[in-house]
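User: I have a structure open and would like to talk through it. Could you take me through the contacts, the overall fold and then the aromatic rings?

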Amino acid sequence: MQSEPLVCQARELLKKGDFVGVYDVAYKALEEQGSVDPTLAHLAVLSLARSGATTQAEHLYQKVKEVLPPTEDNLSLEARLYKDQFLKAKDPKIKAALGKKARDIYLEAYRINNNYYPAINAATLSLIIGDTTACHQLAKEVLKLCDQSASTHGDEDYYLDVTRA
């Protein structure tokens with residue numbers, strides 16, 4: 001079975017916010033194929049995470065992690081899973097460790113392409129875990145990145161505007 005049409009279908013469903021549909025398309029393809037398509041694996045985990053099924057997303061991520069290359073998107077997804085755990089954690093020591101882990105993985109993702117998405121997440125987590133020096137430095141970098149992105153991609157970008165705020 002060809003993966004590309006399924007990837008396109010899953011991405012279209014993701015744009016519509018149909019996380020269950022994304023998961024159904026991606027996971028079914030993963031079960032039917034002899035090998036794991038990294039993009040479909042990423043989309044399946046992402047759909048679970050976005051739907052709030054954090055535990056299931058974490059379990060699936062552990063199953064497919066070895067086939068996911070260390071790209072900005074894949075590292076940001078891993079960081080997001082740690083961030084979700086961090087937000088739910090009650091024990092202060094566990095919470096601090098999870099927050100630092102999420103922040104560090106977002107930083108790793110940021111260093112790949114210097115994009116603002118992982119940088120703003122790293123900055124936010126730095127603030128929450130009490131690393132205000134890193135937060136301020138990253139926030140300055142994010143603003144520069146947003147300005148650069150606006151000049152090359154135009155000013156009409158929702159995510160860019162939200163990141164600036």
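Analyst: In the protein chain, 51% of the contacts between residues at least 6 apart in sequence join residues at least 24 apart; contact means heavy atoms within 4.5 Å. Please note that this is a predicted model, in which local features need pLDDT of at least 70, side-chain atom pairs count only at pLDDT 80 or more, and totals for chains, interfaces and linings use all residues. Residues are numbered from 1 along each chain as its sequence is written, and side-chain values use heavy atoms, with hydrogens and water left out.

User: How many helices and strands does the protein chain have?

Analyst: There are nine helices and zero strands, where helices (H or I, at least four residues) and strands (E, at least two) are DSSP runs numbered from the N terminus. The radius of gyration of the protein chain is 17 Å, close to the 15 Å from the globule rule for 165 residues, so the chain is as compact as a globular protein of that length. That radius is taken over C-alpha atoms, and the rule is 2.2 Å times the number of residues to the power 0.38.

User: What share of the residues count as buried?

Analyst: Of the 165 residues, 43% count as buried. Buried means under 20% relative accessible area, exposed over 50%, and partly exposed in between (1.4 Å probe, protein chains only).

User: On to the rings. How many aromatic pairs are there?

Analyst: The count comes to two aromatic pairs. Rings of Phe, Tyr and Trp (its six-membered ring) pair if their centres lie within 6.5 Å; planes under 30 degrees apart count as stacked, over 60 as edge-to-face and the rest as tilted. The ring centres of Y23 and Y27 are 5.1 Å apart with the planes at 10°, so this pair is stacked.

User: Which relative accessibility does Y106 have, and which Y117?

Analyst: Y106 is buried at 0% relative accessibility, whereas Y117 is partly exposed at 43%.
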